[in-house]
Structure formats: C-alpha cells, structure tokens
Amino acid sequence: INEEINVFKRFFSKRRTLIGGLKSINSNVTTPDICISTQSALDLSQISDNTIDYVFTDPPYSGRIQYGELNFIEESLLGIENSWLSDEIIVNEFRGFDIDEWASRLKKAMLEIFRVLKPGRWISVCYHDSEVTSWLKLQDLMLEVGFIPGENEGLSSMETGWQTLKMHTSTDITKRDLVINFRKPRIKERLEGIVITGNEDTTSFTDKARAILTE
C-alpha cells in the first residue's frame, strides 16, 4: 500500500495546530508565574528540594517507540544539538541500550522527581506498554525510589486520541493508557512499600537496604 503525502498540506496542518495551541495557552494562562522548561528529566537541579505539588509523567515505553531515531532527519536539517541521544531512556539493542539500562535511567529520573516533590504529594504515571518485563521493572523501581503506591484498589485509564489498524486487530497491544498513582511518604512516615524479598540483584538490594536503614 503506497501513500503520497503533500508536504505543503502537512506543513499548514501542523501550522494550524501550533497556532491553535498558542492561542489556547494565551487564553488559559492568566498569571505570569509559570515556567516551561526543557531541562533533562535526569537532572532537575534547577528545581529545589520539596517544592513541587504534583507530577504527571508519561515515561518512554521501553523499546516500543524509538523517539530519537524518529527525529534524526528533522533534527539534522534544523541543526539541533543531539548529544542527549546518548542518555535517551530507551531500549534499543543496536545502540546497546537494554531493558536494564532503560530501568536504570528511568529510576534516575524518578529519583529526581522524588527529590523535588513535596512530602505527602502525588505523582501520576501514565504508561502504555504491553511488555510485561518493563511493566514489572517500572513498578519495582518506583518502590525502590521510595514511592508508596496509591491506596485505592482501582486503576485509572485514559483513552487514546487515535487508533491504528493494529490497535483494532492485534492482541499484543495496549488500547488504553494506564495511569497509576504513587505518593511520596510524609515526614517520618514508614516506607511500607519497600520489602526485601531475597530475589534482588546487588544494586536493587543496596538501594532498598539504604532506604530502609535511612528510615
């Protein structure tokens, strides 16, 4: 199946979207006390400890989407600096990024979020990956960082805005974005979410033990 795309039609479509977004921001943001930042999630040093009220994050889905590679041509044409690709939180065997590297980098980002989030406040994690391994690692690393899972028994989900043929026909696909909530412990609150099972590797055991002993 071949498809020809009119470049100018696509350009003006994107232009309309960008202008519409700008108008929406200008009409809804009524205070100058707002900051939009593009700093790395691995280093939020510009944000002080315990200052953020709420975090909503939609982390990379292991190897499902190759974000950097999808932008290679555009970024080259625009001359955009791309040293960030070496720190991309992704699973890509050709670039030497395995599932453990993905989990390690994602954990580093979550540690930064944990640091800046106020005690007792929440983080919502939107996740859309049918890969069981990455889903389990995500849950483990959130506990290792020190977050406490939400007390509610139910889970929230978000309908995706568009659906491909694969989403209608494949069984190995997540048709909704799962949203799970975690809370940063209040001051002097016991970290009940961290449990040493005996199946940890050296790194995860050390992190868990340090968190428990610190508490």
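**Exercise 1. Which residue forms a salt bridge with Asp49, and which parts of the chain does the pair link?**

Step 1: Start with the rule. A salt bridge is a side-chain nitrogen of Lys or Arg within 4 Å of a carboxyl oxygen of Asp or Glu.

Step 2: Apply the rule. Asp49 pairs with Arg115, and their closest N and O atoms are 2.5 Å apart. This is a predicted model, where local features need pLDDT of at least 70 and side-chain atom pairs count only at pLDDT 80 or more, while totals for chains, interfaces and linings use all residues. Residues are numbered from 1 along each chain as its sequence is written, and side-chain values use heavy atoms, with hydrogens and water left out.

Step 3: Asp49 sits in the loop between helix 1 (7-28) and strand 1 (52-57), and Arg115 in helix 4, 66 residues apart. Helices (H or I, at least four residues) and strands (E, at least two) are DSSP runs, numbered from the N terminus.

Step 4: Look for a further partner. Asp49, Glu112 and Arg115 are linked in a network of salt bridges.

**Exercise 2. Is Lys107 buried or exposed, and what does Lys107 touch?**

Step 1: Recall the cut-offs. Buried means under 20% relative accessible area, exposed over 50%, and partly exposed in between (1.4 Å probe, protein chains only).

Step 2: Compare. Lys107 has 10% relative accessibility, so Lys107 counts as buried.

Step 3: List the contacts (heavy atoms within 4.5 Å). Leaving out residues up to four places away in sequence, Lys107 touches Leu141, Glu144, Val145 and Asp207.

**Exercise 3. How many disulfides does the structure hold?**

Step 1: Use the cut-off. A disulfide is a pair of cysteine sulfur atoms within 2.5 Å.

Step 2: Count. The structure holds 0 disulfides.

Step 3: Cys35, at 66% relative accessibility, counts as exposed, whereas Cys126, at 1%, counts as buried.
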